[in-house]
Amino acid sequence: MKFLTQKTLNRFIYRPLLKRKLNKVGRNFKLGYFSEINNPQFFSFGDYFYSGPFASFSTNKNNLIEIGDCVIFGPKCSIYGGNHDFSFEGFIFHNVNIEHMKGIIKIENGVWVGANTTMLSGTEIGEGSVIGAMSLVNKKIPPFVVAGGVPVKIIKPRFSTADQISNTLKVTNSKYTLKEILEIHKKHGIEYS
C-alpha cells in the first residue's frame, strides 16, 4: 500500500509541481518514485526523459545540468553538480563562496545510464553512449561508446562497423556526421575497417 501511495504522489503531485520549477522540461518527462531534484531551476530536460526510482539530482547556479532527448537512467542514479575550493585557507565548511567553480554537466540525446551511476561536475556524455551500472562519471565520454567503471573509462565502441554508426545517425537525426564520429573515435584509439 505504501508503494502505491508513493507512486501515486510522485505521478500526480510531485512530478507536475516539479515540472513548473525546472528551467526546461520536454514532453513525456518521467521521474521515478522516491526521486528528488534539488534546485530544479538549474536543470533542463529534453523530450522523453525517464529515470528509474530513487534518483538523486542536485546542483547549484554555477553548474547547470543539460539533459537531451530520449535519455534513460536506471534506478538509484545520482547527479551532483558543484565542488569545493581545496586551496581555501581554513575549513572548507566555512567557504561560502561558490563562484570559484563553474561548469556544466551535459548528457546528449539517446544516452542510457545504468543503475547506481553517479555523475559529478565535468561530466559530458556524448550522444548514444551507454554508461555501465555503478559507474562514476566525472569527465567527457565520446558519442556512441560503451563506458563504465570507477572512474569511468571507455570499454568499447557501441557498434562494430562504420555502416552501423551511419545507419544510427540517419534514423536518430543526429547532429553528428559519420566523419565527425570517426574522427572522435580515432582520437580515443577506436578504428573501424
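I started with the largest nonpolar core, which has 37 residues, and Phe57 and Phe73 touch the most other members. I then looked up which elements supply two or more residues to this core: β4 (43-45), β7 (63-67), β10 (103-107), β17 (145-148) and α2 (162-171). The biggest giver is α2, with three residues. I note for context that nonpolar side chains tend to be buried together in soluble globular proteins. I keep in mind that this is a predicted model.

**Phe57**

I listed the contacts of Phe57, leaving out residues up to four places away in sequence. Phe73 is one of them.

**Ser56**

Next I checked Ser56, which sits in strand β6 (residues 56-58). Is Ser56 buried, partly exposed or exposed? I find a relative accessible area of 23%, so Ser56 is partly exposed; the cut-off for buried is under 20%. Beyond four places in sequence, Ser56 touches Glu36, Cys77, Ser78, Ile79 and Tyr80. I also took one C-alpha to C-alpha distance: Ser56 and Leu120 are 12 Å apart in space and 64 residues apart in sequence.

**Ser44**

I moved to Ser44, in strand β4. Its relative accessibility is 13%, so I count Ser44 as buried. Which residues does Ser44 touch, not counting those up to four places away in sequence? I find Asn23, Lys24, Ile65, Glu66 and Ile67.

**Whole chain**

I then stepped back to the chain. I count three helices and 18 strands. The radius of gyration is 18 Å, close to the 16 Å from the globule rule for 193 residues, so the chain is as compact as a globular protein of that length. Along the principal axes, the C-alpha trace spans about 50 × 50 × 25 Å.

I looked up burial next: 41% of the 193 residues count as buried. The accessible surface comes to about 11200 Å², and carbon and sulfur atoms hold 56% of that. For contacts with a separation of 6 or more, 28% join residues 24 or more positions apart.

Last, I checked charge. The chain has 24 positive and 14 negative charges. Their mean positions lie 9 Å apart.

Notes: Residues are numbered from 1 along each chain as its sequence is written. This is a predicted model: local features need pLDDT of at least 70, side-chain atom pairs count only at pLDDT 80 or more; totals for chains, interfaces and linings use all residues. Side-chain values use heavy atoms; hydrogens and water are left out. Helices (H or I, at least four residues) and strands (E, at least two) are DSSP runs, numbered from the N terminus. The radius of gyration is taken over C-alpha atoms; the globule rule is 2.2 Å times the number of residues to the power 0.38. Buried means under 20% relative accessible area, exposed over 50%, partly exposed in between (1.4 Å probe, protein chains only). Contact means heavy atoms within 4.5 Å. Accessible areas come from the Shrake-Rupley method with a 1.4 Å probe; for residues, only the protein chains shown count as cover. Lys and Arg count as positive and Asp and Glu as negative; His and the chain ends are not counted. The place of a charge is taken as NZ of Lys, CZ of Arg, CG of Asp or CD of Glu. A nonpolar core is a set of buried Ala, Val, Leu, Ile, Met, Phe, Trp, Tyr and Cys residues joined through side-chain atoms within 4.5 Å.
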